[in-house]
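Let's take a walk through this model together, one stop at a time. Keep the sequence and the 3D view side by side as you read.

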Amino acid sequence: MRHFVGFLSGLIVGPVLVLMTGWAFAHLRGLYAADMGVLQGSGPLAVAGLVGVGLLVALSAVPARLTPMLPLAMALTLGALSAVSLVRMHLLERLPQVPGTEGALVLLPLGVFVPLVVVLFTPVFVGGRWRRERESEGPTEEEYFEGLYGDDEGPAQAAPQSAARHRA
């Protein structure tokens with residue numbers, strides 16, 4: 001179930017990454033056209049958006065306990081959008097205009113997201129991410145049986161003492 005939810009989440013987060021990057025690109029391009037620095041106007045907000053994109057990518061690609069379907073779906077979405085922008089750009093231009101679309105339509109055919117696709121696709125090949133590790137809530141099997149059986153000397157000494165009392 002976690003793989004299914006991760007895949008659906010990745011299908012949602014992938015376009016969000018493209019739109020956030022396009023939105024930040026549009027703002028930074030506007031600052032450059034106005035001959036302003038990154039620390040002026042809406043520059044810090046655009047840089048914070050790019051930091052958010054990087055943080056979102058890192059949090060989906062790096063954690064070992066996360067399902068690999070989340071970054072896989074993100075990689076498939078980004079790769080598909082990049083491919084469609086090269087082959088059939090008119091299909092992407094028909095999409096509703098939301099903040100970030102203008103910048104995304106400039107960045108997608110340039111192949112800016114291809115390295116990101118490679119980074120997000122690699123967790124699929126990490127075998128440990130496909131199975132869930134057991135939570136160690138209780139004692140391990142060795143710890144459980146360790147205190148169950150005492151030394152062999154203890155019960156052997158107790159039996160003759162009790163037998164001696166009954167004989168007397």
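Trp130 sits in the loop between α6 and α7 (141-146), where helices (H or I, at least four residues) and strands (E, at least two) are DSSP runs, numbered from the N terminus. This is a predicted model, in which local features need pLDDT of at least 70 and side-chain atom pairs count only at pLDDT 80 or more, while totals for chains, interfaces and linings use all residues. Residues are numbered from 1 along each chain as its sequence is written, and side-chain values use heavy atoms, with hydrogens and water left out.

With a relative accessible area of 35%, Trp130 is partly exposed; buried means under 20%, exposed over 50%, and partly exposed in between (1.4 Å probe, protein chains only). Which residues does Trp130 touch, not counting residues up to four places away in sequence? They are Arg2, His3, Pro68, Met69 and Val124, with contact meaning heavy atoms within 4.5 Å. Trp130 also has a C-alpha 9.5 Å from that of Ala64, although the two are 66 residues apart in sequence.

Val62 is exposed at a relative accessible area of 63%, and its C-alpha is separated by 9.2 Å from that of Leu120, 58 residues apart along the chain.

Leu120 brings us to helix α6 (residues 114-121), whose buried residues are Leu116, Val117 and Leu120. Viewed down the axis of α6, these buried residues fall within an arc of 105°, so they line one face of the helix; the arc is that of the directions from the helix axis to the C-beta atoms. An α-helix has 3.6 residues a turn, so residues three or four places apart point the same way. The cover over the buried residues of α6 includes α2 and α3.

Helix α3 also holds Ser82, which is buried because its relative accessible area is 6%. Leaving aside neighbours within four places in sequence, Ser82 is in contact with Leu108 and Phe113.

Leu108 is also one of the residues that line the largest pocket. On a 1 Å grid over the protein atoms alone, a pocket is an open set of points where a 1.4 Å probe fits, with protein on both sides within 12 Å along at least five of seven lines, and lining residues have an atom within 4 Å of a point. The volume of the largest pocket is about 190 Å³, taken as the space filled by probe spheres set on the points, which are joined across faces, edges and corners. Two or more lining residues come from each of α1 (2-33) and α5 (101-107). The lining divides into eleven nonpolar residues, one polar and no charged; Ala, Val, Leu, Ile, Met, Phe, Trp, Tyr, Cys and Pro count as nonpolar, Asp, Glu, Lys and Arg as charged, and the others, Gly among them, as polar.

What links Glu102 and Arg29? Their side chains meet in a salt bridge (3.0 Å, N to O), defined as a side-chain nitrogen of Lys or Arg within 4 Å of a carboxyl oxygen of Asp or Glu. The pair joins distant parts of the chain, with Glu102 in helix α5 and Arg29 in helix α1, 73 residues apart. Glu102 is exposed at 52% relative accessibility, whereas Arg29 is partly exposed at 32%.

Our last stop is Asp35, in the loop between α1 and α2. Asp35 has a positive phi of about 60° although it is not a glycine, and it is exposed at 70% relative accessibility. Most residues other than glycine have a negative phi.
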